[in-house]
Amino acid sequence: MKKMIIAAIAVIVSTFASFAEYKEVKDISYTKNTDDYSLSRCKLDVYYPDDMKDVPVVVWFHGGGLTGGEKHLPAELRNSGYAVVSVNYRLLPKAELGQVIDDAAAAVAWTLGNIADYNGDPKKVIVTGHSAGGYLTSMVGLDKKYLAKYGIDADSLYALMPLSGQVITHFAQRQSKGMSELQPLIDENAPLFHVRPDCPPYVIVTGDREEELFGRHEENAYMWRMMKLVGHPDVRIYELDGHNHGDMVGPGLTIVKKNIDRLLHR
């Protein structure tokens, strides 16, 4: 009976969310850096329901191999009852990898400190992103030093949900060292290096293992297994059969939304 009531409430909330009025504020600066490149790249957009309060918050990092890409609002996150923060960050090789990850952390810190002004609940911030954005999701949530710089405990995040993210050291970083994208490396710049049992719920989504990029499913499967072995209580993995690295985003975000709903009704 309790599950039926929760399901009914979820349907009502979802229906209301689809008819809510949404606003979007673009190009908000989130950096304290003063150089021209930081000021041009370190901006975010906030999309939020104007007539709902304390809604879940999704921070979305775009893909592009850490060397390209632009912030955007995925169609699957529109009219979903969330506040959505879409983030730009500095790119390699103009920035160093640590600076890129720091930008991601700064954007998350901005979100936690400001999202209440946009009807979001800072206690329910879900971080997600595709490809390079999935990598940044994991690094910000697993290597606690990045958010600690901003006085934030990474474990205060509601969940981490990377889509086809690299969990070994990112191939763009390996290429900068003269390595092939097929030569694996696990160092402190790899999410896999920071496996731990006490991070927020961790939901991994990849495309089909036969169609994914550079063995992306298999490395994430290893990440899932290691998180299980160290005793993480809420780690899940999904493989989207028939979907490659690029076209897994839409169905991947459907899985993200279902898991957000699961966590909200625990």
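I looked up the second largest pocket and found about 190 Å³ of space in it. A pocket here is an open set of points on a 1 Å grid over the protein atoms alone, with protein on both sides within 12 Å along at least five of seven lines. The volume is the space filled by probe spheres set on the points. The model is predicted, so local features need pLDDT of at least 70 and side-chain atom pairs 80 or more, while totals for chains, interfaces and linings use all residues. Residues are numbered from 1 along each chain, and side-chain values use heavy atoms, without hydrogens and water.

I listed the lining (residues with an atom within 4 Å of a point). Among them are Tyr30, Lys32, Asp102, Asp103, Trp110 and Lys149. By class I get six nonpolar, two polar and four charged residues. Tyr, Trp and Ala count as nonpolar, Asp and Lys as charged.

Next I checked helix H4, residues 132–142. Helices are DSSP runs of H or I with at least four residues, strands runs of E with at least two. Eleven of its eleven residues are buried (under 20% relative accessible area, 1.4 Å probe, protein chains only). Tyr135, Leu136 and Met139 are among them.

Then the backbone. Ser131 sits in the loop between strand S5 (120–130) and H4. Its phi is near 60°, positive in a residue other than glycine. Ser131 is buried at 7% relative accessible area.

Leu66 lies in the loop between strand S3 (55–61) and S4. I read its phi as near 65°, also positive. Leu66 is buried at 0%.

Last, I noted a cis peptide bond between Leu92 and Pro93, omega about 0°. Pro93 is in the loop between strand S4 (83–87) and helix H3 (97–114).

Technical notes: 1 Å grid on protein atoms, 1.4 Å probe; cavity = no way out; pocket = protein on both sides within 12 Å on 5 of 7 lines; lining within 4 Å. Buried < 20%, exposed > 50% of the residue type's maximum accessible area, 1.4 Å probe, protein only.
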